[in-house]
Amino acid sequence: MPITLRQLCATEQFGLRVLAGHDQLDRTLTWAHVSELPDPTPFLDGGELLLITGVSLPTTAAETTRFVRTLVAAGIAGIGFGTGLGYEQAPQTLVDAATRFSVPLLDVPLRTPFIALTKAVSKAQSDDDMKALRSNYQSLRRLLQAAVTVNGTRAVVRRVAELIGGWAALLDSAGHTVEISHTAAAAGIERTAPERDARPMEVSFLTSENEDVISHPLLTSRGKLMGYLVAGCPGAVGSLNQGIVIAAASLLTLMTARTRDAQLTMNHLRTVAMHQLFEGQNALARNISGELWGGFPVEPFQVFHVAGPSGLLESVSVSLLDGLSRDLAFGITDGALIAVVSATDSGRILARINEIDVTVGVSDMLWWDDLSRARRQAAQAAAEAGARNLPSMRFAELSESGLSAFLDQDRSTAFAAAHLRPLLEAKGGSDLYRTLAMWLAHNGVGDAAATALNIHRHTLRSRLTRIESLLQLDLGSPTERAELWLEYRLLGDAPTI
């Protein structure tokens, strides 16, 4: 740390004597400045030890008081008065004024040149700067070492938390948590959310509940937002090492950009492989499964339909690849992550996915011949879980809860698909299908359905009229509404026609 007045006074070779301000000697010094001007404040920056010999010192008590008041207002840390030249001792008027304003006044004997005090303060500053430089260098080395580990992103986030003595979290561009060092970070992330929403491309600072928090955007050279590094440190205001956070943010920006490019390529390959898998070409998917997933599921298996924001689906992908299992295959397609998981591992994998804020539908245990059926079951279970605001649901729970348990699933689904084909093949069919499903889910209450869909009630009414025309039915009929609801339950949110 920079040298304090107390430390300067404790240096025997200087022979300094405290005349006033004994309780303020722990002030740190920014510099030692020599000036004999009647008003040296234009040349002061605050925190200095002002060294004078009294050449221009006022002669009256009132003027001396005004002189000291001006120095205090400029933020000086203390006054050093050189004796043995113009004055054998510091004037009493100066001692009284320094005492009044609680500013340290030091007697500097003739044998101690002012330059010696300036050098002492300068050396302390230099030593402190070098210490900070060494510390920052070591911190950067540790960040770089973390970056080249197997899961570099996670390691960097945890290393940031360690280096600042607090917590850290990596968010995606939508503000969803990707990596987190401590569960205590959740509160800090939430507190900084309004600032991110208001100024997403700017660094924001927040001090509350005895904690410093910084939210730093990860921006590419072209201004693309990749995410955020949020970090917090409990303690005194200003205790958070912003330099470490800024360095880590730059490092994570590079890592995220490169990882995202590679991940997009791999996600595309996994999606293609999953399409091949669902088209019955198991051999092709199996041949490249080692590179894509590290393994391949075995029968019997279950299909997971994972729904949620794209950033969270990417988090699920990372979790599935993070040594959790080698008996699975997955890909992101049609806005959802579809995973085929060996039944022996499904419980453990579901528990891990449920740690992320997504919705999961789980099929029955089936074999390769029933893969399409398993996918349909998982989609239906996910839709029902979303409607009930549940993190996950198994198809067995869904089918056992109503009439569909007694239906031939394949034939019933085929009938539903044929009946709703005019709706799904029409322009804007997916919006019409979703509108119908939401309206049925709200028991035909237009205002509630329109609110859930985030559309005007007139738009809802217009869509319902078009649905009646396309399907040649009357939505006012309880029988037809019941049949449509059952068909929706069979087809799920993303029917394949």
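Strand E6 (residues 167-172) pairs with E7 in the antiparallel sense, over three bridges. Pairing here requires that DSSP finds at least two bridges between the strands, and the elements themselves are DSSP runs numbered from the N terminus: helices are H or I of at least four residues, strands E of at least two. Within this pair, Leu170 sits opposite Glu179 in E7. The model is a predicted one, with local features needing pLDDT of at least 70 and side-chain atom pairs counting only at pLDDT 80 or more, while totals for chains, interfaces and linings use all residues. Residues are numbered from 1 along each chain as its sequence is written, and side-chain values use heavy atoms, with hydrogens and water left out.

Zooming out, E6 and E7 belong to an open sheet of five strands, in the order E7-E6-E10-E9-E8 with antiparallel pairing. Strand E7 (177-180) and strand E8 (204-208) take the edges; each has a single partner strand, so one side of each goes without a neighbour in the sheet. From one strand to the next, the twist averages 20°.

Moving to the E8 end, E8 and E9 run antiparallel and are joined by five bridges. Here Thr207 has Asp212 in E9 as its bridge partner. E9 then pairs with E10, again in the antiparallel sense, over nine bridges, and Leu219 stands opposite Leu225 in E10.

Helix H5 (residues 152-164) lies across E6, E7 and strand E10 (225-234), running at about 145° to E6. Axes are lines fitted to C-alpha atoms, for helices over the stretch in contact, and angles run from 0 to 180 degrees between N-to-C directions; contact means heavy atoms within 4.5 Å.

Then there is a helix pair. Helix H15 (residues 429-441) packs on helix H16 (residues 446-453) at an angle of about 130°, their axes 9 Å apart. That makes H15 oblique to H16 (under 35 degrees is roughly parallel, over 145 roughly antiparallel, 65 to 115 roughly perpendicular and the rest oblique). H15 contributes Arg434, Thr435, Met438 and Trp439 to the contact, and H16 contributes Gly446, Ala449, Ala452 and Leu453.
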